[in-house]
Amino acid sequence: MRLHEFDEDCYLLRYPDVAQKVRSGQLRSGRQHYIRYGFSEDRQAGVGAQAVSAIECGFDALKMTLSGAVFASGWINDVNAPAVRCIIGSPEGTARFEIGDIYRHPREDIEALLRSRARGEHGLWIFNSSLGPLKPSDVDVSLYAAEGPLSKIRSRPELITDAEMRDLVLGFFSTRTGRNLQHADVSDLERGLGNEFIELNRRIVRNNKRVGVGKFGPKGRRVTKSLVVCLYGAPEFLPLQVALFSQSARSGDAEFVFVNNSPEHNEFLEREAKQSARLYDVPVTVVHTGENIGFGAANNLAVQHAGSDRLLLINPDVFPKDADWMKRHDDFASIRDRKIFGARLYYNDGSAMHAGMHFVRSSVVDENSVRKELLSTEHFSKGFPDWVDDVTTTRIVPAITGAFMSIDRRHFERLNGFDEDFVFGHYEDGDFCLRSRAAGQPIWYCADVKLWHMEGKGSKNLPSHDGAKRLNRWYLTHKWSSLADLNGGNEVFAANPGARQNVP
Amino acid sequence: MRFLPQIRVLGKMSRKVLLISFQHPDLVRGGQQQICYELFAALKKTQLKPIFLASMQKDILPGLFKGGAVITGFDGREAEFLFLTAGYDHDWHRNREPWRLEIFEEFLRGSKPDVIHFHHFMDYGLEYFAAARKYLDSVGGRLIFTLHEFLAICLAEGHMVRTFDGSLCNRASPMRCHQCFPNKTPEFFSMRTMWAKHHLDMVDTFVATSLFTKSVYVDWGVRAEKIIHIPAGHREFPGRAGVASSPGQPSGKRNRFGFFGQLIDSKGLLVLFDAIRALRHSGVSDFTVDINGANLEFASSEFRQQYEAFCTEEETRAKRGVRRVRFNGMYDVADLPRLMADIDWVLVPSKWAETFLMVVSEAFLFGKPVICSNIGVMLERIQDNINGLHFTVGSSDSLASVMKRAITEADLWDRLSANVLPPPTADRSAQLHMELCY
């Protein structure tokens with residue numbers, strides 16, 4: 001044993017008799033004890049392979065990425081001496097997580113294990129998006145109470161990619177259980193977790209907005225409309241959409257731009273795009289990403305490859321209901337202030353799926369009656385018959401769904417497209433509408449343009465997506481809750497200059 | 001997609017007709033391929049130049065597959081080809097291997113048909129209609145589709161039989177289909193229907209071999225004026241009238257029954273087996289049943305088990321006395337005179353509505369009355385107590401009762417047989433196709 005490998009925390013945790021003497025002042029430190037007595041008594045001074053702990057605890061997962069993100073989750077029975085600090089030490093350096101960076105949640109499995117012990121938040125986890133570049137090597141994970149060390153373990157973290165880290169932690173976030181969970185979510189997101197998610201996602205988007213572009217079908221055709229579709233997990237929708245949309249009246253000057261968020265489908269989609277373009281005689285572009293960069297970023301990327309001034313952002317599970325829908329679309333789009341509008345969408349059972357959206361404020365409360373606000377978006381008359389006034393009336397609405405958005409390209413670009421900090425999908429459409437309104441452009445709902453929307457069938461859904469939905473809802477709230485009347489007209493923004501500051 | 005105006009060149013006698021079949025009847029027996037091939041054979045006798053393209057899956061006869069080839073010849077026969085298929089998606093009825101379609105398109109450009117007549121899209125894909133349409137628009141040709149089964153409508157093998165209780169389905173809808181396939185959403189069925197209708201819209205003329213089939217597709221949304229009714233034709237056999245008027249057994253009894261068809265679940269064989277057991281249980285044992293057919297490998301494992309169990313029963317019984325049930329195996333159309341000579345009645349216990357039933361034509365060809373389930377196309381082709389007898393679909397007791405009547409009622413066979421009219425000939429069917437479709 002070389003003295004520089006001596007670990008004070010482990011020595012005191014391993015030998016309570018020494019810790020007692022240090023606490024009582026008989027010894028200055030554990031190191032002093034080791035030099036005087038411990039070495040000759042053959043006491044273990046290094047960290048060692050086994051965890052040393054003064055309390056019951058354990059780690060279930062320890063993951064890192066080369067770019068410097070780290071995630072650890074486990075449990076601890078620290079009712080008597082609560083953990084206030086976690087230190088992860090590696091040859092590259094040390095990362096300290098103070099009490100505000102340690103997330104806690106109840107774990108029924110641990111409560112059952114500890115049986116008669118007091119109920120508490122035994123679950124413990126940490127997540128940081130940017131500790132800095134790491135090398136795959138052993139790390140020491142130490143937990144401290146205010147009074148001193150609680151446990152120490154040496155472990156080799158599993159190395160994963162940034163995207164795997166995002167999916168893992170968002171999945172963990174969405175599946176954790178607890179009391180007053182919505183409130184706990186918001187609290188954790190507010191105190192730093194939200195920014196960590198967004199920072200990691202930015203890195204993924206930045207590093208994966210690349211890869212190839214395939215262009216198929218007739219060349220040199222004048223294109224006045226670009227149907228932009230973000231695919232994820234369900235590639236079979238490409239041929240279906242090209243076949244059905246190409247049958248629409250006035251589709252002769254339309255093109256398709258598919259952006260693929262599932263790299264495992266690249267080969268399949270290239271083949272399908274080539275075949276569909278040939279069979280249905282329409283230009284088809286396929287843009288591949290390196291990872292799932294989310295709905296907003298993918299659409300922003302696809303728009304860069306669109307060849308027209310009118311963007312029709314369409315979900316993969318949207319299909320034409322009326323053969324003349326595109327003519328009606330073109331007529332509506334030709335009116336001067338119709339920079340952005342949505343369509344009448346139908347469920348497959350014939351009831352209304354979308355007739356515009358509005359914002360809803362709600363609050364969540366914890367066991368101490370502390371309230372936190374959350375925004376969300378709701379559809380007007382969702383599931384109602386299609387003859388109710390909301391559905392049949394073309395009008396200005398607070399927002400429209402991202403399942404179908406017709407947008408003037410210059411307007412889209414002026415707003416820098418969707419906010420890419422919304423992870424995966426959800427709520428970026430509402431945010432875009434708010435930014436449009438803040439920029440002076442009303443949001444229209446056009447009842448004459450009718451399409452089907454097989455909602456939720458155009459992509460796969462994973463626990464990480466649910467986690468992202470919670471994150472995005474918090475982020476929308478974070479951006480816009482200061483605006484008093486989210487559903488008012490454009491005068492609301494004029495009266496709230498602060499709202500404009502939210503526009504990037 | 002912009003389609004060019006249709007150009008019909010009547011009287012152009014050298015027109016080529018590409019007939020597209022699901023499988024070749026010489027490789028896998030089945031009604032659709034038989035009907036398609038009979039039409040091909042009849043058209044060969046006209047001024048038209050027919051080409052027969054039949055699909056083949058690798059797992060049936062892998063030795064037919066050639067590296068890199070999608071379309072190959074067939075046993076050295078002129079104008080007969082195989083489409084070697086793989087990657088078929090039965091949910092969407094599309095092919096997941098687009099390169100096969102490219103070769104199909106190349107085949108169209110090379111063989112230059114004026115008419116493309118699909119008898120099936122299975123093994124090819126609905127998108128092949130789009131390729132055919134695109135090609136035909138460039139030459140002013142016509143796209144024809146003969147409706148066999150209800151595959152575009154129904155995911156349950158196109159049989160329109162409810163999966164959970166075997167009852168007949170009279171109407172497809174996303175909700176009803178979801179009931180049959182709870183693991184697939186109603187939205188899936190909506191999209192599937194959109195996909196199918198989009199491609200069927202490209203067809204110039206549909207051919208329904210029965211009015212019943214036409215009515216099902218019209219109810220589903222195909223415009224009635226686009227569907228013409230042409231019964232499938234059968235080749236003629238020299239001297240068939242003599243067979244029809246044959247007296248039967250020396251005893252004068254009309255107690256010999258025959259089943260002809262595929263040995264698969266939907267054909268109702270298990271109902272027949274139970275009826276045979278019931279007949280014997282009621283003391284009637286003086287009858288014979290010939291089972292003629294193949295494709296047991298395509299039946300469900302449950303069906304195969306019960307089929308084998310019945311075979312074993314009969315084998316045991318035969319060892320104790322006279323063999324009453326004979327399993328004759330696969331037959332060829334050329335075998336029909338011999339096989340029909342040994343029976344009096346043809347049994348058709350199908351559990352689904354069927355769309356034409358070539359076996360009824362075969363029975364009528366030889367003057368045999370038909371005992372059939374009382375549903376679907378059978379009601380159209382067989383009139384109860386006129387040229388055959390009906391029994392309650394799926395009911396072995398009902399079938400046993402009808403078989404007992406057939407055996408015991410004096411002069412019944414003679415009366416019904418006298419009302420049997422010859423089925424349409426393949427030549428007549430070909431002539432109607434030329435006049436009405438091509």
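In this predicted model, helix α3 (residues 127-139) of chain B and helix α5 (residues 186-200) of chain B have axes that come within 8 Å and cross at roughly 25°. Because angles under 35 degrees count as roughly parallel, α3(B) is roughly parallel to α5(B). The crossing of α3(B) past α5(B) is left-handed. On the α3(B) side the contact uses B:E127, B:F129 and B:A130, while α5(B) brings B:W195, B:H199 and B:L200. Sorted by type, the residues of this contact are four nonpolar, one polar and one charged.

Helix α8 (residues 269-281) of chain B packs against helix α9 (residues 301-320) of chain B at an angle of about 35°, and their axes are 10 Å apart. Here, too, the crossing is described as left-handed: α8(B) passes α9(B) that way. From α8(B), the contact draws on B:L269, B:L270, B:F273, B:I276, B:R277 and B:R280. From α9(B) come B:F303, B:Q306, B:Y307, B:F310, B:E313, B:E314 and B:R317. Seven of the residues in the contact of α8(B) with α9(B) are nonpolar, one is polar and five are charged.

Here are the two contacts by residue type:

| α3(B) with α5(B) | four nonpolar residues | one polar residue | one charged residue |

Now to the nonpolar cores. In soluble globular proteins, nonpolar side chains tend to be buried together. The largest nonpolar core holds 104 residues, and B:I116 and B:F118 touch the most other members. Which residues does B:F118 contact, leaving aside its neighbours within four places in sequence? They are B:I20, B:F104, B:Y128, B:F129, B:A132, B:L143, B:I144, B:F145 and B:T146. One of these, B:F129, also takes part in the contact of α3(B) with α5(B). A second, separate core has 74 residues, among them A:V205, A:I293, A:V364 and A:F380.

Staying with chain A, helix α7 (residues 237-245) is mostly covered, with nine of its nine residues buried. Those buried residues include A:F237, A:L238, A:P239 and A:Q241.

Finally, have a look at B:G388, which sits in strand β16 (residues 388-391) of chain B. B:G388 has a relative accessible area of 0%, so this glycine is buried. Beyond its neighbours within four places in sequence, B:G388 is in contact with B:P369, B:V370, B:I382, B:Q383 and B:L416. From B:G388 to B:A363 is 25 residues in sequence and 10 Å in space, C-alpha to C-alpha.

Technical notes:
Residues numbered from 1 in each chain as written. Chains lettered and ligands numbered in written order. Predicted model: local features only at pLDDT ≥ 70, side-chain atom pairs only at ≥ 80, totals over all residues. Heavy atoms only, no water. Axes fitted to C-alpha atoms, helices over the stretch in contact; angles between N-to-C directions. Helix = DSSP H or I, 4+ residues; strand = E, 2+ residues; numbered from the N terminus. Parallel < 35°, antiparallel > 145°, perpendicular 65-115°, else oblique. Left-handed = near helix turned anticlockwise from the far one by under 90°. Contact = heavy atoms within 4.5 Å. Nonpolar A, V, L, I, M, F, W, Y, C, P; charged D, E, K, R; others polar. Core = buried A, V, L, I, M, F, W, Y, C linked by side-chain atoms within 4.5 Å. Buried < 20%, exposed > 50% of the residue type's maximum accessible area, 1.4 Å probe, protein only.
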